Amino acid sequence: MKAAYFDCFAGAAGDMVVGALVDAGAPPRALLTAFERLGLSGYSVRFQTDRRGPVAGTRFIVETLSPAGPGRSLKDILEIIGRAGLSPRVAEGAAAVFRRLAEAEARVHGTDVGAVHFHEVGAVDAILDVVGALVALEALGIEAVFCPALPAGGGVVGTAHGNLPVPAPAVLGLLAGTGAVVVPAPTPEAARYELVTPTAAAIFATLARFEQPAMKVEAVGYGLGARHLESLPNALRVWVGEVAELPTEQTITLLETNIDDMPAELCGYLMERLFEAGARDVWFTPIQMKKNRPGILVSVLAPAALEDRLLDIIFRETTTLGVRRRPVGRHEAARELFKFESSLGPAAVKVKRWGGRPVNVSAEYEVCRELARRTGRPLQEIYRVVELEAWQKIAAQEVNEPWR
């Protein structure tokens, strides 16, 4: 899976996101073609190679040729994006960014989303920043976006609504609940400025997972900001490459022993003890042993660090005189618990992901049992409803956040 990891060591702005992706190899012509399709006027753009301290990179510069208008509503912006003939992924992603931004602005100002009028963020340059970022990601073949902790900055920033504290309220509103970590500014000098703009926060909140993946880095780009800082380069760095699938357990041990002289109830107790001690899996296999005795093969899969503890249980709780062991390799899918409000009530499923994509959901038994008792419906029907609705909600989330 090809990914982009935005290393925000000095913060991020919309123009820096675009500049970094172009510096990493996204073709400027693809962006310029998309801009022409938007049907906007009164602006010019250019990509300029420059330096910030010791770092060379690309600046994405938008110059407006006429004074800013009265602002645009979310409906206005969605119409501009919708009629531009952009690819579905770019159009859906850009629309999702502006919807999230409108929701954050509405919460900050205590108004409805439909009443929000963008000023700084709704200006031509912000529309170009968002669409340019989405086009560049698509041109580079990016399937997932990642982002680390974001520096808070400080001081105040002037807006159409007056001076606001930094981080701007919209920025914090955008990042709340996404898993993003906000950290202090990297230097005292940087702590006097706005380091993450609402446009950048909206892009990351919509598209990114806030974690650092293991990557095979193929390209690196630097997007330069307009400000010059003495204490560090005012740049946003993006790493582009393939996400490396690493095993979550470096060493897994398989313990096995043959038993033919134990009552069944003792075997059940053995399994309970092994799971309590941390075994990943325990299973019994019927086998035929010497003197035509039926027996069982006891198999225990566990992290290598638990081997001594599990061996102690096996020797104490069984009649065996020896246990075989061998290291085994294992590929493990990522798992997460997805909680949601179903048509039957609060529900939860385990989501299995492979290559960053959901491939299976499994309803949680305890939750479904409670729903069955409360509604009087059969448990198997509860399972079907919960898993179907979970798939629908997860699919909608993947569409609305296509790079996450």
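**Close-up views of a predicted model**

View 1. In all, 5 aromatic pairs are counted in the model. In one of them, the ring centres of Y5 and W239 lie 4.8 Å apart with the planes at 65°, so this pair is edge-to-face. Y5 belongs to strand β1 (residues 2–7) and W239 to strand β13 (residues 235–243), so the pair ties together parts that are 234 residues apart in sequence. W239 counts as partly exposed because its relative accessibility is 21%.

**View 2. Here F35 meets F60 as a tilted ring pair.** The centres of these two rings are 6.0 Å apart and the planes stand at 35°, so the pair is neither stacked (under 30 degrees) nor edge-to-face (over 60). F35 sits in helix α2 (residues 28–38) and F60 in strand β3, so parts 25 residues apart in sequence are tied together. F35 is buried at 2% relative accessibility, and F60 is buried with a relative accessible area of 2%. Look for F47 as well: ring pairs join F35, F47 and F60 into a cluster.

**View 3. Strands β2 and β3 make a hairpin.** Along the way, S44 stands opposite E63 in β3. The hairpin has 2 residues between its strands, and G53 in the turn shows a positive phi of about 65°.

Conventions:
Residues are numbered from 1 along each chain as its sequence is written. This is a predicted model: local features need pLDDT of at least 70, side-chain atom pairs count only at pLDDT 80 or more; totals for chains, interfaces and linings use all residues. Side-chain values use heavy atoms; hydrogens and water are left out. Two strands pair if DSSP finds at least two bridges between them. Helices (H or I, at least four residues) and strands (E, at least two) are DSSP runs, numbered from the N terminus. Rings of Phe, Tyr and Trp (its six-membered ring) pair if their centres lie within 6.5 Å; planes under 30 degrees apart count as stacked, over 60 as edge-to-face and the rest as tilted. Buried means under 20% relative accessible area, exposed over 50%, partly exposed in between (1.4 Å probe, protein chains only).
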